[in-house]
Amino acid sequence: MHIFWVTTPERLNSEGTRWSKCGHFQRHGIAAIMDCNSRQCERSILHPRSCKDPSCQKNYGQEVQKDIDVVKDYCFQCRATAARTVPT
């Protein structure tokens, strides 16, 4: 029997506003950073400071988004884009 540990990159737990019409998320802040506990991830506390391996993970993984409020409208960027669109 073999046991394989699958590690995912560090993840940001953020809180913010969800815009329901376009589905975009506006982050207000980062609540936590989850450590992946991988020696091959530069952001992990287990990564050796002296490591020079270019194949080590450098970026955070997928963000965990917690909706603290939902606005029943399009986000600011989508509204600005719609305002610039020429009607056909």
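1. In this predicted model, the side chains of Arg-79 and Asp-73 come together in a salt bridge, with an N to O distance of 3.9 Å. Asp-73 sits in the loop between β3 and α1, the latter spanning residues 76-84. Both partners are partly exposed: Arg-79 has a relative accessible area of 33%, and Asp-73 has one of 25%.

2. When neighbours within four places in sequence are left aside, Asp-73 is in contact with Trp-19, Ser-20, Lys-21, Cys-22 and Arg-79. Of these contacts, Ser-20 is 53 residues away from Asp-73 in sequence, yet the two C-alpha atoms are 6.1 Å apart in space.

3. The structure holds 5 salt bridges, and another of them joins Glu-15 to Lys-66 through their side chains, at 3.9 Å from N to O. Because Glu-15 belongs to strand β1 and Lys-66 to strand β3, this pair ties together parts that lie 51 residues apart in sequence. Glu-15 counts as partly exposed at 29% relative accessibility, and Lys-66 likewise counts as partly exposed, at 49%.

4. Glu-63 and Arg-27 form a further salt bridge, in which the closest N and O atoms are 2.8 Å apart. Here Glu-63 lies in the loop between β2 and β3 while Arg-27 lies in strand β2, so the pair ties together parts that are 36 residues apart in sequence. Glu-63 is partly exposed, with a relative accessible area of 24%, and Arg-27 also counts as partly exposed, at 44% relative accessibility.

5. Strands β1 and β2 run antiparallel and are joined by 8 bridges, and one of the residues involved is Glu-15, whose bridge partner in β2 is Gly-29. These two strands form a hairpin with 5 residues between them, and Gly-23 in the turn has a positive phi of about 85°. On the other hand, β1 (residues 11-19) and β3 run parallel and are joined by 7 bridges; in β3, Val-64 is the bridge partner of Asn-13, and Gln-65 is that of Ser-14.

6. Is strand β1 largely enclosed or largely open? Of its 9 residues, 7 are buried, so β1 is largely enclosed by the rest of the structure.

7. Apart from residues up to four places away in sequence, His-47 touches Ser-38, Arg-39, Gln-40, Cys-41, Glu-42 and Cys-56.

8. As for the chain as a whole, its secondary structure comes to 1 helix and 3 strands, and from the N terminus on its elements run β-β-β-α. The radius of gyration is 19 Å, well over the 12 Å that the globule rule gives for 88 residues, so the chain is more spread out than a compact globule. Taken along the principal axes, the C-alpha atoms fill a box of roughly 60 × 30 × 25 Å.

9. Some overall figures complete the picture of the chain. Of its 88 residues, 18% count as buried. The chain exposes about 7,100 Å², and carbon and sulfur atoms supply 54% of that area. Among contacts between residues at least 6 apart in sequence, 52% join residues at least 24 apart.

Technical notes
Residues are numbered from 1 along each chain as its sequence is written. This is a predicted model: local features need pLDDT of at least 70, side-chain atom pairs count only at pLDDT 80 or more; totals for chains, interfaces and linings use all residues. Side-chain values use heavy atoms; hydrogens and water are left out. Two strands pair if DSSP finds at least two bridges between them. Helices (H or I, at least four residues) and strands (E, at least two) are DSSP runs, numbered from the N terminus. Contact means heavy atoms within 4.5 Å. The radius of gyration is taken over C-alpha atoms; the globule rule is 2.2 Å times the number of residues to the power 0.38. Buried means under 20% relative accessible area, exposed over 50%, partly exposed in between (1.4 Å probe, protein chains only). Accessible areas come from the Shrake-Rupley method with a 1.4 Å probe; for residues, only the protein chains shown count as cover. A salt bridge is a side-chain nitrogen of Lys or Arg within 4 Å of a carboxyl oxygen of Asp or Glu.
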